[in-house]
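Hi everyone, thanks for coming. I'd like to walk you through one model today, so please take a look at the sequence and the structure before I start talking.

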Amino acid sequence: MINFLLWLILFVICWPIAIIALILYPIVWLLLLPFRLLGLAVDISFDLVRNIFQLPFRLLGVK
């Protein structure tokens with residue numbers, strides 16, 4: 001909601017920049033999508049390694 005309000009303010013102040021931002025937003029989102037997926041994969045990998053190391057302690061009941 002805040003992004004939309006900021007865009008409306010930009011539209012009132014300078015509408016050509018607001019229209020360009022509206023057009024470029026999906027393109028930038030698509031360009032950044034692989035980096036988000038890579039970050040998710042790295043996060044899941046670190047969680048897996050952490051859980052593998054914590055498994056013996058969980059089986060013994062140590063907190």
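Predicted model: local features only at pLDDT ≥ 70, side-chain atom pairs only at ≥ 80, totals over all residues.

On the surface, Phe 11, Trp 15, Ile 19, Ile 20, Leu 22, Ile 23, Leu 24, Ile 27, Val 28, Leu 31, Leu 32 and Phe 35 form a nonpolar patch, and together they have about 1,200 Å² of accessible area. Which helix gives the most to this patch? That is H2, with 11 residues.

Let's pick out a few members. Ile 19 is in helix H2, and its relative accessible area is 32%, so it counts as partly exposed. Ile 20 also sits in helix H2; with 48% relative accessible area, Ile 20 is partly exposed too. Phe 11 is another patch member, and its 35% relative accessible area makes it partly exposed.

Now let's step back to the whole chain. How many helices and strands does the protein have? There are 2 helices and 0 strands. Helix H1 runs over residues 2-13, and helix H2 covers residues 15-60.

What about the overall dimensions? The C-alpha trace spans about 65 × 25 × 10 Å along its principal axes. The radius of gyration is 22 Å, whereas a compact globule of 63 residues would have one near 11 Å.

How much of the protein is buried? Buried residues make up 2% of the 63 residues. The protein exposes about 6,000 Å², and 81% of that comes from carbon and sulfur atoms.

Ile 19 and Pro 56 are 37 residues apart along the chain, and their C-alpha atoms are separated by 57 Å. Leu 8 and Ala 18 are 10 residues apart along the chain, with 8.1 Å between their C-alpha atoms. Leu 8 has its place in helix H1, and at 32% relative accessible area Leu 8 is partly exposed.

A pair of aromatic rings is described by the distance of the centres and the angle of the planes. The structure holds 2 aromatic pairs. In one of them, the rings of Phe 4 and Trp 7 have their centres 6.5 Å apart and their planes at 20°, so this pair is stacked. The cut-off behind that word is an angle under 30 degrees. Trp 7 also pairs with Phe 11, again stacked, with 5.3 Å from centre to centre and 25° between the planes.

How do these pairs sit on the helix? Phe 4 and Trp 7 both lie in H1, 3 residues apart, about one turn of the helix. Trp 7 and Phe 11 both lie in H1 as well, 4 residues apart, which again is about one turn. Phe 4, Trp 7 and Phe 11 form one aromatic cluster.

Next, the charged side chains. Side chains of opposite charge can pair when their charged atoms come close. How many salt bridges does the count come to? The count comes to 1 salt bridge. The side chains of Arg 50 and Asp 47 meet in it, at 3.1 Å from N to O. These two are 3 residues apart in helix H2, so about one helical turn separates them. Both partners are partly exposed: Arg 50 has a relative accessible area of 43%, and Asp 47 has 27%.

One last stop is Ser 45, which has its place in helix H2. A polar atom of the Ser 45 side chain lies 2.9 Å from the backbone oxygen of Ala 41. Ser 45 is partly exposed, at 41% relative accessibility.

Note on methods:
Residues numbered from 1 in each chain as written. Heavy atoms only, no water. Phe/Tyr/Trp six-rings, centres within 6.5 Å; stacked < 30°, edge-to-face > 60°. Buried < 20%, exposed > 50% of the residue type's maximum accessible area, 1.4 Å probe, protein only. Rg over C-alpha atoms; globule rule 2.2 N^0.38 Å. Areas by Shrake-Rupley, 256 points an atom, 1.4 Å probe, with all protein chains shown as cover. Polar contact = N/O pair within 3.5 Å; in protein donor to acceptor, adjacent residues only side chain to side chain. Patch = residues over 30% accessible without salt bridge, like charges linked within 9 Å, V, L, I, M, F, W, Y side chains within 5 Å. Salt bridge = Lys/Arg side-chain N within 4 Å of Asp/Glu carboxyl O.
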